[in-house]
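Subject: Structure for your review

Dear colleague,

Please find the structure below. My notes on a helix pair and on a residue within that pair follow it.

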Amino acid sequence: MNDPRPIPTPSDPPAALAGLRATVIGAGIGGLAAAAALCRRGAEVAVLEQSPEITEVGAGLQISPNGARVLAALGLDPAALGDRAEALELRDHRGRLVTRMDLPAAPGFFLCHRADLIVGLEAAARDAGAGVQLLQRVAAVELNDRVAARMRTGARLEAGLLIGADGVHSVLRPVLNGASRPFFTGQVAWRATVPGDGAAPVVQVFMGPGRHLVSYPLRGGGLRNIVAVEERREWAAEGWNHADDPAALRAAFAGFGGPVPGWLAAIESPWLWGLFRHQVARHWHDGRGRAVILGDAAHATLPFLAQGANMALEDAWVLAAALAARPDDAAGALAAYQARRARRCRAIVVAADRNARAYHLRAPIARVGHALLRLAGRIAPGLVLGRFAWVHGHDVTRDG
């Protein structure tokens with residue numbers, strides 16, 4: 001990869017948000033992108049991160065064209081943060097090719113290590129003027145006469161605009177919406193990286209009865225990212241940092257062929273998490289222009305369309321653009337932000353749910369489904385990927 005630092009661009013927006021003082025809870029993808037986008041428009045932004053350092057370990061992610069457009073608009077070169085993906089291959093669980101879809105070169109699909117994306121976004125936020133404060137765990141938020149984040153230490157930090165970019169366990173979301181009740185989908189996922197073999201940047205999906213495995217190279221082929229999903233009744237905790245025995249993962253995918261057994265044999269310490277379905281939040285803001293949520297805090301999605309990071313990037317851009325368009329009407333700006341985002345995000349969440357079912361077909365339906373995919377690949381190569389043109393083709397930097 002090349003230098004991930006932000007590229008100066010001549011099209012930075014004017015300082016429409018000079019005087020806005022925003023506090024972002026969470027220095028993840030959405031939080032850092034929001035900080036960068038707001039600062040580039042003149043806002044004063046502080047980012048509160050509970051960890052001792054800004055880091056994301058051990059996982060890959062896919063940036064599709066809709067997310068790549070936002071990164072470029074923030075002055076980041078997506079090709080400096082990851083590898084441009086050449087193709088997507090769907091294979092059966094034995095490893096046999098069902099269909100291959102070549103991916104467009106521009107603006108492109110990118111295979112990123114999450115840590116590399118975070119480094120780039122942090123640089124963009126800091127270079128734009130954001131202050132990032134570590135070891136700042138928010139215990140609660142106050143939306144009274146004054147807006148404030150109350151820290152675990154007892155400190156109270158007031159904010160002009162409070163932005164919850166703190167994921168599925170957001171402290172701000174329940175203040176806006178009340179307690180939520182996510183439910184276990186009956187699916188669990190393992191994630192791991194193993195040493196790579198310099199393979200070409202191709203995403204491979206191995207589809208099996210009640211389970212599937214996704215893998216692709218990272219960092220020029222030096223690493224291989226693996227995400228494996230299984231349907232099962234046994235519940236698993238939500239969250240990405242629960243260690244599991246690699247023998248359990250190998251047993252779950254024992255019937256898979258091709259390169260999968262070799263990849264699984266190389267895994268030493270996989271992470272396991274339960275996949276829970278969260279309702280898209282009804283209220284994304286407080287109605288008074290003082291508090292707003294984005295990313296997983298507003299619309300957590302299952303990982304079957306690779307859109308979690310991309311939706312967070314879109315949210316960040318649209319939020320900043322909406323505020324800049326109405327600098328003297330924060331309440332109206334936040335309402336416009338939700339109006340522009342909610343319908344699209346709900347549709348993506350539903351599409352991701354459907355993708356999971358398509359990957360997990362059992363015989364004899366699987367044979368029919370795979371045959372149709374093969375036929376579509378021969379007579380209309382762009383048909384399968386084209387089903388999601390409404391996702392990948394959207395450009396919030398132009399369309400809002």
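Contact here means heavy atoms within 4.5 Å. This is a predicted model, in which local features need pLDDT of at least 70 and side-chain atom pairs count only at pLDDT 80 or more, while totals for chains, interfaces and linings use all residues. Residues are numbered from 1 along each chain as its sequence is written, and side-chain values use heavy atoms, with hydrogens and water left out.

Arg 344 is found in helix H10; helices are DSSP runs (H or I, at least four residues) numbered from the N terminus. Leaving aside residues up to four places away in sequence, Arg 344 touches Asn 66, Glu 314, Trp 390, Val 391 and His 394. Its side chain makes a polar contact (a pair of N or O atoms within 3.5 Å, one able to donate a hydrogen and the other to accept it; residues adjacent in sequence count only if both atoms are side-chain atoms) with the side chain of Glu 314 at 2.9 Å. The side chain of Arg 344 also reaches the backbone oxygen of Trp 390, at 2.9 Å. With a relative accessible area of 11%, Arg 344 is buried (under 20%, 1.4 Å probe, protein chains only).

Glu 314 in H9 and Arg 344 in H10 are among the residues where these two helices meet. The axes (lines fitted to C-alpha atoms over the stretch in contact, with angles from 0 to 180 degrees between N-to-C directions) of H9 (residues 308-325) and H10 (residues 330-359) come within 8 Å and cross at roughly 155°. H9 and H10 are therefore roughly antiparallel (angles over 145 degrees).

Kind regards

Conventions
Angles under 35 degrees count as roughly parallel, over 145 as roughly antiparallel, 65 to 115 as roughly perpendicular and the rest as oblique. Buried means under 20% relative accessible area, exposed over 50%, partly exposed in between (1.4 Å probe, protein chains only).
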